[in-house]
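Here is a chain to look through, one piece at a time. Have the sequence and the 3D view open while you read.

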Amino acid sequence: METIRILIVDDHEVVRIGLRSLLERIGQFEVVGEAASAQEAIELARSRKPDVVVMDIRMPDGSGIEACRAIRSENEAIKVIMLTSYTDDEAIFASVMAGASGYVLKQIGSHELVEAIRTVAAGGSLLDPSITGKVLERMRGMTREQQHEKLTDQELRILRLIADGRTNKEIAEALYLSEKTVRNYVSSILSKLNLSNRAEAAAYAVRRHLLDEPDPFL
């Protein structure tokens, strides 16, 4: 069988050691790195190019959800499994919309985790059975119109510029903002619209004919 390259992300060293010990027993698996923070996860995913990232949600420098979104926006071939002890509805839904292929609880058995990684690596997706209903119910209750109304005027301006093909640097120069501020706005836009990356945001803007509505402030 083809080797599955795995990146482990958790801020607790003991958890990382335990996961590495478990996964390296599987001949098909190769652990290519460990990260203790969201930023480190993004950097290692970029340099090590794992097939699957096994990621916790809570991290000292941010959220595993945002790290998932950043990793998937750079490389959609990388699959992400959120492995967490939290069953919070918002976290579950946000993880799925950020591009996670799986959301499983830490109470999962070792055999089930191994199978989850194999499933995701093969292009499948899965949710812990205890939380699947919550996500489906939430998704049924949402509409694109409601999501669109959540954007501020500044976020709409930035969304239009994304759709126009502008980089973060170019957007920052056009709106007299710092690149870090623009990155924060882009992250907020993706979260509010439940999109995974800039390409989806651009397509959303085109479908909603936002480029047909000139912004007098641009």
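Predicted model: local features only at pLDDT ≥ 70, side-chain atom pairs only at ≥ 80, totals over all residues.

Let's start with strand E7, which covers residues 102-105. Gly-102 and Val-104 point one way, while Tyr-103 and Leu-105 point the other way, and all of them are buried.

E7 has a strand partner in E6 (residues 79-84), and the two pair in the parallel sense over four bridges. If you want a spot to check on screen, look for Leu-83, which stands opposite Val-104 in E7. E7 is also joined by two bridges to strand E8 (residues 126-127), again running parallel. Here Gly-102 stands opposite Leu-126 in E8. To get from E7 to E8, the chain passes through helix H5 (residues 110-121), and this β-α-β crossover is left-handed. That handedness is worth a look in the viewer.

Now for helix H9, residues 168-175. Its buried residues include Asn-168, Ile-171, Ala-172 and Leu-175. Because these residues cover an arc of only 100° around the axis, they end up on the same side of H9. The general rule is handy here: an α-helix has 3.6 residues a turn, so residues three or four places apart point the same way.

What do the buried residues of H9 pack against? They pack against H8, helix H10 (179-193) and helix H11 (198-207). Just after H9, Tyr-176 takes a positive phi of about 60°.

Glu-155 lies in helix H8, which spans residues 153-163. Is Glu-155 buried or exposed? It counts as buried, because its relative accessibility is 4%, and the cut-off for buried is under 20%.

The side chain of Glu-155 reaches the backbone nitrogen of Thr-152 at 2.9 Å. Leaving aside residues up to four places away in sequence, Glu-155 touches Lys-150, Tyr-185, Ser-188, Ile-189 and Lys-192.

## Salt bridges

The whole structure has 11 salt bridges. One of them brings together the side chains of Arg-16 and Glu-34, at 3.2 Å from N to O. Arg-16 sits in helix H1 (residues 13-23) and Glu-34 in strand E2 (residues 29-35), so this pair ties together parts that are 18 residues apart in sequence. Arg-16 is buried, with a relative accessible area of 12%, whereas Glu-34 is partly exposed at 25%.

Another salt bridge links the side chains of Lys-106 and Asp-56, at 3.5 Å from N to O. This pair connects distant parts of the chain, 50 residues apart: Lys-106 is in the loop between E7 and H5, and Asp-56 is in the loop between strand E3 (52-55) and strand E4 (58-59). Lys-106 is partly exposed, with a relative accessible area of 33%, while Asp-56 counts as buried at 5%.

Arg-69 forms a salt bridge with Glu-66, and the closest N and O atoms are 3.0 Å apart. Both residues lie in helix H3 (residues 64-74), three residues apart, about one turn of the helix. Arg-69 is buried at 4% relative accessible area, and Glu-66 counts as partly exposed at 32%.

Elsewhere, salt bridges that share partners join Arg-16, Arg-20, Glu-24 and Glu-34 into one network.

Terms used. Residues numbered from 1 in each chain as written. Heavy atoms only, no water. Buried < 20%, exposed > 50% of the residue type's maximum accessible area, 1.4 Å probe, protein only. Polar contact = N/O pair within 3.5 Å; in protein donor to acceptor, adjacent residues only side chain to side chain. Contact = heavy atoms within 4.5 Å. Pairing = 2+ DSSP bridges. Right-handed = clockwise from strand over helix to strand, strands pointing away. Arc of directions from axis to C-beta. Salt bridge = Lys/Arg side-chain N within 4 Å of Asp/Glu carboxyl O.
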